[in-house]
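Here are some notes from my look through your model. I hope they are handy as you go through the chains yourself.

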Amino acid sequence: MAYFARKIGLLLFALFVAVTLNFFIPRMMPGDPAQDLIDKMQGIPLESLEAIRAAFGVDSNDPLLVQYGKYLLNLLKGDLGISISRFPTPVWRVLQVAIPWTVGLMGTATIISFFLGTLIGIGVAWKRNTKLASFTVGLFTFVRSFPYFWLGLLLIYFLAFRLPIFPLGNAYTPQLQRGTMEFFFSVLRHAILPALTIVISSMGAWILTMRNNMINVLAEDYITVAEAKGLPLRRIKTLYAAKNAILPSITGFAMSLGFVVGGGLLTEMVFAYPGVGLMLYQAVQSKDYPLMQAIFLFISAAVLVANFIADIAILILDPRVRDGGK
Amino acid sequence: MIELDRLEMTPLLQCKNLVAGYRIKSGFVHAVDDVSFDLDRGGFLGIAGESGCGKSTLAYAIMRLLKDNATIESGSLLFKGADLAKLDEEQMKKIRWVDISMAFQSAMNALNPVLSVGEQLTDAIHAHEEATQSDARKRALEVLKLVDIPKDRFNSYPHQLSGGMKQRVMIAMALILNPELIIMDEPTTALDVVVQRTIIEKIQELRKTLGFSVIFITHDLSLLVEISDTLAIMYAGKIVEYGASESLFNRPLHPYTKGLMNSFPSLTGMIKRMGGIEGKPPDLLKPPEGCRFHPRCPQAIPICRESCPSLEEIADRHSVACFLHKGAEIL
Amino acid sequence: MLKDTFSLFIENRKALFGLMILVFFSGVAIFAPLIAPYDPKTNKVDVLRIVEEEMGRTTTVEREQIDEFTERRVYTQSIATTYERVTTKLPLNARPSRQHLLGTTKAGQDLFSQMVYGTRITLAVGLVTGLFTTILALTLALLAGYFGGVVDDIISLFTNVFLVIPSLPLMIVIAAYITVRGVIPIVLILGLTSWPWSTRILRSQVVSLRNRDFVRVSRILGERPLYILFREILPNMISLVMASFFTSTMAAIMGEATLEFLGLGNVSIVSWGTILYWAQNSGALLSGAWWWFLPPGICIALIGTSFALMNFAIDEISNPKLRKR
Amino acid sequence: MNENILVLEGVNKHFPVNSFRMHGKVVHAMDDVSFSLRRGEVLAIVGESGSGKTTTANVMARIYKQTSGRVTFEGREISKNMSREDELRYHKKVQMIFQDPFGALNPTRTVGRIMERPFVIHKIAGRRKAVEESIDKILIQVGLEPPEQFTRKFPHELSGGQRQRVNIARAFAVEPELILADEPTSMLDVSNRMSIMNMMLYLKESHSVSFIYITHDLSGARYMSDRIIVMYAGMIMEIGPAEKIINNSFHPYTRLLKSAAPSPEMGLKRKRLITGGDIPSLIDPPGGCRFHPRCPFVSDICSLEVPAMKKIDEGHYVRCIL
């Protein structure tokens, strides 16, 4: 359980760092962005100004450390501040609407992409001297370098604009009654292109990592032993090769999760998908700093938790880790 | 009765003029070049030589486990009437582990780290016969007992075992289908002397009770002399000397064998200056003309540079491939 | 050894292909003024203004020699022909044609010229950021390796933490606060958010090299710690440093395109990212102007592939298992 | 001259365990190690992996600092913290040869560049020309002839035996007083071992150095050394003149080692001492005699306390209650 304790420690510390960054970034910026904003927003309601002041400690006479303490305290109470663009809605309430969409879309897409990518990676490593394998590797090396948002644009152009199979954006048809079957299918139909974008863009990474891990594992003695034992190829491929190769892949998965989530945010922006990503974009556009920071915190927390889940997966799969070893 | 006797008389494995190696960009590497030997039922054949002399390629060729670009070019491997060199993959699969199994150099890497000892033992059974879980488990526990590993280790993972234990698990695994031949590729090299000795004594004991044959590959000639009945000394892909261990130890004929014998100081005998062999084995991509050992041979004569001596029987069960002994009778 | 690695690198087909792509784009960036047929920023309105100004000036010169009537005629005529020329030369939102290989933007800018000039900014930002990140990461790695103990623990703790804090949102947040819009802030933001990956890899290499026998031998011989760090350890990291540079550069190019696309950079400069920004903001997608947003993405992917291929090659050279046999 | 060049007195080396669960525990890599080395002598340390023999060498080479105990070299105590000058002076006198000949050579440097470092660091031979001459001379001594053919090569272009010769040449370049050789032949091909061993013996004579030879091979130890130390699980079990250790071994572990070692000259099918088990964990070493769980002659007392070193003959000591 030492492993467990260490991972929880790291998780909490990372959260703490994210929170701290969140506090200090606006305060460390040259030329006081909050004051700038206040100066620029002369026409806005006084309460909004108060919200900004509170969020940034403008005019506050407290020393930085006291401000930091107050900030932490508020955070613990679940108080993330008040949104500027949707004044006077509290930030967490604004976020609440967006979170399910993002979790649904990105969660599903990431899981599909990981499993599909891993499977293809196993396949191309197993038959690595075939033309098809080389072609797949080459193709995904290229596709992996597409920016997420660009691939999204491409899919919109071809599959929603030229051939109007899918909707251009949004997450559902607004006129539909929530909770009906029709609504459900509409949600599904709207999610396909954004999900496809995330899957295609992120799959390359899993394919290539899994392929490399597999090739390394296939050179191990225990694979030769398994062949010598006359085990069925399927068993060698899964229990001997893939089960070992997937361990570093999961670590890699956890590590690049932040990157995938970033890509997911961009995808939402392009598809005007009403999730956290689009909200972040709007917050940036409207300089809704409290909302923006809350989103950053939420995403960090989500990625950290996902990382933790990956660590637990390793714990389950690798007996060496279970014993607290390497 | 006579038929049966004849069957008993034929060697278990007859390797005839085997040529195997691997193809690389610049040509064919003759890792095993025209190798012939017989292995009797219940026999213990030791194969010794420096690293890169083709010992491991030979082992993998017998198991037909040569990787990627490595192939058997010609020759035959008669095993109980079938030529292993010509069987197709399906037929070979039926022989592997059932009739011929293998123990590897480093048990550390030869055991799958994410499967328990029990799973790895039983999956060999399930791969070759219909057996229930509990039957397979029972047999696995039996072989574990043979190598003195307590029952409760059945559910252990490799990293929970010590080096010596892992090697014994490896041997248990090789025994599990009761094969007639076990090929051991440096099974004890990575172990400490005391543990190594324990395992070797165990192998000898099991061989007596279970009656399997062993091909034992190592570079440690002093160990091999003690444990094997027959010895083959390999150099640069060829067997240069072959015969009964005692005969080879007491009267090494080939200068290479002599050199190897001179490469380990004795523990209790007189301390004398030892020489070893100068130089290094040749590049098998372009081995030297004539006898492959002549550039390093202290006793080379002109003919050694021109032609390659063949392996000839000089005394009873003692052959050597060297011009110094050509035609000469050893009394 | 270095020479060997280099020749292995060149002999590797993947590396060679990747290098060729990079050399191609570098050439385009360096010789942009010679390649681009138009000024990338000048749009139709600009051209008209310039022409008018020019015309005004020429006519004042000519006025002394020509009578008023002729002058007026010449002036209007030249305005007309120039206008004609400009409209044909700088059509708005035009499909690719012989005059405009990649078509034009809604404002009439030549996209081919924009792509050519954009290569400069994109590549420069990528390479500078890549270099900056790699140097930062290498410094941290060497510090960790040199001091070991607590310093190493702290560096690796923060590396691990920042590795899991998602960098793109962080980038966006930082960029949103920065009031100065330009290339340098982008380089800084990208560099400051992307060091953990390289640091982690380089640090573990330093630590493993530090425990190698040849380093121990150096200590027993009496070498100074700094000499060991820079002369014994560092030369053995060249291929990994290269790999991390390639990866960082690739990530930086992506990151730059992303930030520019979101309008968080300086949208008045010409880079592949800003081309996409303008394409998106001018509704290129829904007016069917595929030529506007297609080329930048393909070029980014090509550059990315180029770095990825070179990285594969380095992997293959240092890990023989991956080599195709 | 029977002067002691190096003396270890009650040296312990404990490594903290870097793991959450085992926090606060230590690996007992060396416990109560005491011995002395006479000038010009070859002393072999024999033991299995995990016996602490390599740690002992690393403490003597000052790669590790001992946890406690005294190390005295040429009559002066080697303190844990040394000034740079003292450190240099010590390293000029004590050199080490490693087990893995390839790992001990920086792969990015030519043999020539590797060989010139000792001369530069310790300012031996002065001018460039003189340095080159000295390098050539020492390369010839280790059998790398002609030297100019090797100075331009990189380690990966050499064979295992040649690499180890370069390592040996580098160790001897500073004209040291003491060489620590940590299994210098165990990773070499069998055919090379003897020539490297012979070469080391020759260099030891011609440069009149003292030698600590670490090995797991009892017969190699006998071939090389005057005296042998047998170590087990971090402790010295037996120490004495080489022939006495081999022929009149007293400690059960030494006897076991001897019985296990291949020695075809003693008859091919002889009866041997056999034991089960493995080297114990050094984090929680067994109480009492560390060998008692594997000892064929174990009695109840063995698990109670660590036996002291007992003199049984001139220069022959053993740690056993028997």
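**Notes on the predicted model**

1. Let me start with chain B and its contacts (heavy atoms within 4.5 Å): among those between residues at least 6 apart in sequence, 64% join residues at least 24 apart. The secondary structure of this chain comes to twelve helices and twelve strands, taken as DSSP runs numbered from the N terminus (helices H or I, at least four residues; strands E, at least two).

2. A word on ground rules. This is a predicted model, in which local features need pLDDT of at least 70 and side-chain atom pairs count only at pLDDT 80 or more, while totals for chains, interfaces and linings use all residues. Residues are numbered from 1 along each chain as its sequence is written, chains are lettered from A and ligands numbered from 1 in the order in which they are written, and side-chain values use heavy atoms, with hydrogens and water left out.

3. Of the 331 residues in chain B, 56% are buried (under 20% relative accessible area; exposed is over 50% and partly exposed in between, with a 1.4 Å probe and protein chains only). The accessible surface of chain B is about 13,900 Å², and carbon and sulfur atoms account for 52% of that (Shrake-Rupley method, 1.4 Å probe).

4. Across all chains there are 44 salt bridges (a side-chain nitrogen of Lys or Arg within 4 Å of a carboxyl oxygen of Asp or Glu). One of them pairs K202(B) with E205(B) at 3.5 Å, N to O. These two are three residues apart in helix α8 (residues 193–210) of chain B, so about one helical turn separates them. K202(B) is buried at 11% relative accessible area, whereas E205(B) is partly exposed at 43%.

5. In chain C, have a look at E316(C) and K14(C), whose salt bridge brings the closest N and O atoms to 2.5 Å. The pair links distant parts of the chain, 302 residues apart: E316(C) sits in helix α14 (residues 290–318) and K14(C) in helix α2 (residues 13–30). E316(C) is buried, with 11% relative accessible area, and K14(C) is partly exposed at 30%.

6. R117(D) and E223(C) form a salt bridge at 2.7 Å, N to O. R117(D) belongs to helix α3 (residues 111–121) of chain D and E223(C) to the loop between α10 and α11 (225–233) of chain C, so this pair joins two chains. Both residues are buried.

7. Leaving aside neighbours within four places in sequence, its contacts are N211(C), N58(D), I63(D), Y64(D) and F98(D).

8. Finally, helix α10 (residues 252–260) of chain D is largely enclosed by the rest of the structure, because eight of its nine residues are buried. What covers the buried residues includes α8 of chain B, along with elements of chain D, among them β3 (42–46) and α9 (242–247).
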